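Open the structure in your viewer and keep the selection tool ready. This tour goes from stop to stop and says what to select next.

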Amino acid sequence: MNNNYGVIVILSLIAAACAYFASNNLLIGAGVLVVFLMVLLLLVEPMFRRYLSLAKQNHECYRFVSAFIVSLSVSQSLEKSFDTASSSPNKEFQKIVASISSLQPREKLEYLATYFELPQYRMFLSLLDIYVEQGGDIIKISSELMQELTRVEETRQSLSANARKNVLQFALLWIISLAIVVFLRVGLANFFSYLEGNFTYLISIIAYFAFFLVSLVVYSAFYTRVKPRLQWTKRRKAK
């Protein structure tokens, strides 16, 4: 998360520096800095935090359910299967497991539904109830669930790989665009004394950086597939 904040600060400073250099107007530079910081911190950063949280949950759920079912098919024991499946390097997950150590295996699994907030995990619990009540081959009973979990995991990995490539292209596009703005300012140095006081020129600079910011928000929404929502609004609803 600290890395996210660092990227946001650096990006906001670059945008503000370019805006100030292109306009020679301190108010415009300061305004771009403040607006970029507010929008990126309150709107974009929570989207990426939610995206990373969902990605982690999907991967953990896939790993946990797969390990549990395989272990259960061999040991026929819920307790042994839970111990095997819960051996994860994720410290947050380990804290949750440690906090419910006194519960029965089925109660532990039910409690983990508050961590794995996914429909696939609820399906896993339903299939487990069927297995406990009726018996049978847990591998066969859960075959469709495992196929779905595998499909989701493979799709997530594929989308993440493609998204990383698109990020480089998106970033390169805007780097070139900002470079053009800077070179334009240098190239028009002889006329800049007139332009810096021109209302239309200043409005154009403001509109350019407004479009830049909007594109960042829209691209982040497509990248994360998370609906943009102000952080303070979300916290207020949670109270």
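This is a predicted model: local features need pLDDT of at least 70, side-chain atom pairs count only at pLDDT 80 or more; totals for chains, interfaces and linings use all residues.

**First stop: Glu110**

Select Glu110, which counts as partly exposed at 34% relative accessibility.

Residues are numbered from 1 along each chain as its sequence is written, and side-chain values use heavy atoms, with hydrogens and water left out.

**A network of charges**

A salt bridge here is a side-chain nitrogen of Lys or Arg within 4 Å of a carboxyl oxygen of Asp or Glu. Glu110 sits in helix α5 and Arg122 in helix α6, so this pair ties together parts that are twelve residues apart in sequence. Helices (H or I, at least four residues) and strands (E, at least two) are DSSP runs, numbered from the N terminus. Arg122 is partly exposed, at 44% relative accessible area.

Now select Asp129 and Arg106. Their side chains form a salt bridge too, at 2.9 Å from N to O. This pair links distant parts of the chain: Asp129 is in helix α6 (residues 119-134), Arg106 is in helix α5 (residues 105-111), and they are 23 residues apart. Asp129 is partly exposed, with a relative accessible area of 30%. Arg106 is partly exposed as well, at 23%.

Show Arg106, Glu110, Arg122 and Asp129 together. Salt bridges that share partners join these residues into one network.

**A bridge inside one helix**

Go to Arg49 and Glu45. They form a salt bridge, and the closest N and O atoms are 2.7 Å apart. Both belong to helix α2 (residues 26-75), where being four residues apart separates them by about one helical turn. Arg49 is partly exposed, at 30%. Over the whole structure, a search finds seven salt bridges.

**Along helix α2**

Stay in helix α2 and select Gln57. Gln57 is buried, with a relative accessible area of 8%. What does Gln57 contact, leaving aside neighbours within four places in sequence? The partners are Tyr115, Phe116, Glu117 and Leu118. Contact means heavy atoms within 4.5 Å.

**Three loop residues**

Select Ser142, in the loop between α7 (138-141) and α8 (143-187). Ser142 counts as buried, at 1% relative accessibility. Not counting residues up to four places away in sequence, Ser142 touches Ile69 and Leu127. Draw a line from Ser142 to Ile69: their C-alpha atoms are 8.0 Å apart, though 73 residues separate them in sequence.

Next comes Asn24, in the loop between α1 (2-23) and α2. Its phi is near 55 degrees, a positive value in a residue other than glycine. Most residues other than glycine have a negative phi. Asn24 is partly exposed, with a relative accessible area of 38%.

Jump to Gln76, in the loop between α2 and α3 (78-85). Gln76 is not a glycine, yet it has a positive phi of about 60 degrees.

**Zoom out**

Clear the selection and show the whole chain. The secondary structure comes to eleven helices and zero strands. The radius of gyration, taken over C-alpha atoms, is 25 Å, well over the 18 Å that the globule rule gives for 239 residues, so the protein is more spread out than a compact globule. That rule is 2.2 Å times the number of residues to the power 0.38. Along the principal axes, the C-alpha atoms fill a box of roughly 85 × 35 × 25 Å.

Colour by burial to finish. Of the 239 residues, 38% count as buried. Among contacts with a separation of 6 or more, 70% are between residues 24 or more positions apart.

Definitions and conventions:
Buried means under 20% relative accessible area, exposed over 50%, partly exposed in between (1.4 Å probe, protein chains only).
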